[in-house]
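The following explanation is intended to be read alongside the sequence and the three-dimensional model.

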Amino acid sequence: MTDLSRPTAPAAPAASAASQPGLQPDSHTATTPPPLWLLAELTYRCPLHCAFCYNPLDYTDHHRELSTAQWLDVLRDARALGAVQLGFSGGEPLVRDDVEVLVEEAHRLGFYTNLITSGVGLTDARLGALKEAGLDHIQLSFQDSTQQLNDFLSSTRTFELKQRVATALKRHGFPMVLNCVLHRYNLPHVDKIIEMALALGAEYLELANTQYYGWARENQAQLMPTREQLEEAEAVVARYRRTHGERCKIFFVVPDYFETRPKRCMNGWGAVFLGIAPDGAALPCHAARGLPGLALPNVKDTPLREIWYDSDAFNRFRGLSWLKEPCRSCDEKEHDLGGCRCQAYLLTGDAANADPVCDKSPFHEQVVKVVRHAASAATAASPQAAAAHEQPILFRTDANSRRFSSAACASGEAEPRGNNGARS
Ligand code: SF4
Ligand code: SF4
């Protein structure tokens, strides 16, 4: 899995709905552009247990998956709306046995398709079938360049399997994005991660610093790096870009906690991105499930066109009219649109507030405190002193997820955290 707010696969070919037989461009409104990127989260099931997984903490509450026929309808409806780029994600999408069917239809419809996978389940036979079905691209995740850390952070023994999968997918002629989520533990290995990507023949390497939503938010105290670690890693990346940039394009996604202006999240709410969760809930951003009071429409009972153009969820933070101060009167609002709604909620308790990464936000100190805490934990005199700053890593497991389920929260067995409430 990866930072899905910033797709790094090669740009999709400039296809349009009108170019496909039987598809007409949607002409609902001149003011709202159509979605360009569809993310089909086929399942929340996954054999890995990553400490930074972006899936919702209570994913076990949403385990009922759309059927193959329902997914096929989603693909056709999204393409008719104008979407051109399609990611199959999860969880681990390959736990479903219909991925090949979906890829084939997506290819027929004219989507540029990308499979986002941990590699588990990507057998030689499935690679051949996916190639034949017309899959364009594969994004394979690693947790680190070392077996020890890769296996620890995913709580599985998958490092060698991933290496074999990388070799096999090149043999089948797929272009590959190798993805690695970065944090305090593997930032010092960035040179080795790049060397591994080069050795495996990756055309693209996405080094995505952890975004603190979902499980990563729960493990923030453990994962947050120091500014020095980031600066050193950036210097390494710059060096490799100079020497190997032709062979492998390296993306380095900076964590916004270290900035003073927020990212233009999702390139605008309801602007280009349309996510569909395993149970059919439509997501304006992949972390939107954690925003309270945002009723997510579902493709099982609402047409996709209505969801995109008319639903409250997709209109709530669209454009600029909803902005509160200090964003409303800010001369930079066209640039960042007030930043990330989920981050605003997690750190301030109100999703309509300015993203507190911004130093004009009255809540910016929340972000500064987290960065300061990471620095003090990293410079503690001894591992024991460091441990005093830490809490055990919470792995993404069904048992842990059930602690955040609505039933557990309602009965008082679990305190809503992370996705469910602002914390200082
Ligand atoms: S557990 Fe890991 S591999 Fe599985 S969906 Fe989450 S981040 Fe991806
Ligand atoms: S005040 Fe709001 S619009 Fe202005 S820079 Fe900060 S987040 Fe962006």
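**Helix, sheet and ligand shell**

In helix 6 (residues 190-200), the buried residues include V190, I193, I194, M196, A197 and L200; a residue is buried if 20 or more other C-beta atoms, placed from the backbone, lie within 10 Å of its own. Because they cover an arc of only 160° around the axis, they lie on the same side of helix 6, the arc being that of the directions from the helix axis to the C-beta atoms. The model is predicted: local features need pLDDT of at least 70 and side-chain atom pairs count only at pLDDT 80 or more, whereas totals for chains, interfaces and linings use all residues. Residues are numbered from 1 along each chain as its sequence is written, while chains are lettered from A and ligands numbered from 1 in the order in which they are written.

Helices (H or I, at least four residues) and strands (E, at least two) are DSSP runs, numbered from the N terminus. The buried residues of helix 6 pack against helix 5 (159-171), strand 5 (176-182), strand 6 (204-209), helix 9 (227-244) and strand 7, with contact meaning C-beta atoms, placed from the backbone, within 7 Å. Just after helix 6, G201 takes a positive phi of about 80°.

Nine strands form an open sheet of mixed pairing, ordered 7-6-5-4-3-2-1-8-9; two strands pair if DSSP finds at least two bridges between them. Strand 7 (249-253) and strand 9 (282-283) stand at the edges, each with a single partner strand, so one side of each is left without a neighbour in the sheet. Strand 2 (residues 85-89) and strand 3 (residues 112-117) run parallel and are joined by four bridges; Q85 has Y112 as its bridge partner in strand 3.

Around ligand 2 there are 14 residues, of which C327, C330, E332, K333 and C358 come nearest; a residue is near if its C-beta atom, placed from the backbone, lies within 6 Å.

Key: A residue is buried if 20 or more other C-beta atoms lie within 10 Å of its own, exposed if 12 or fewer, and partly exposed in between; C-beta atoms are placed from the backbone. Two residues are in contact if their C-beta atoms, placed from the backbone, lie within 7 Å.
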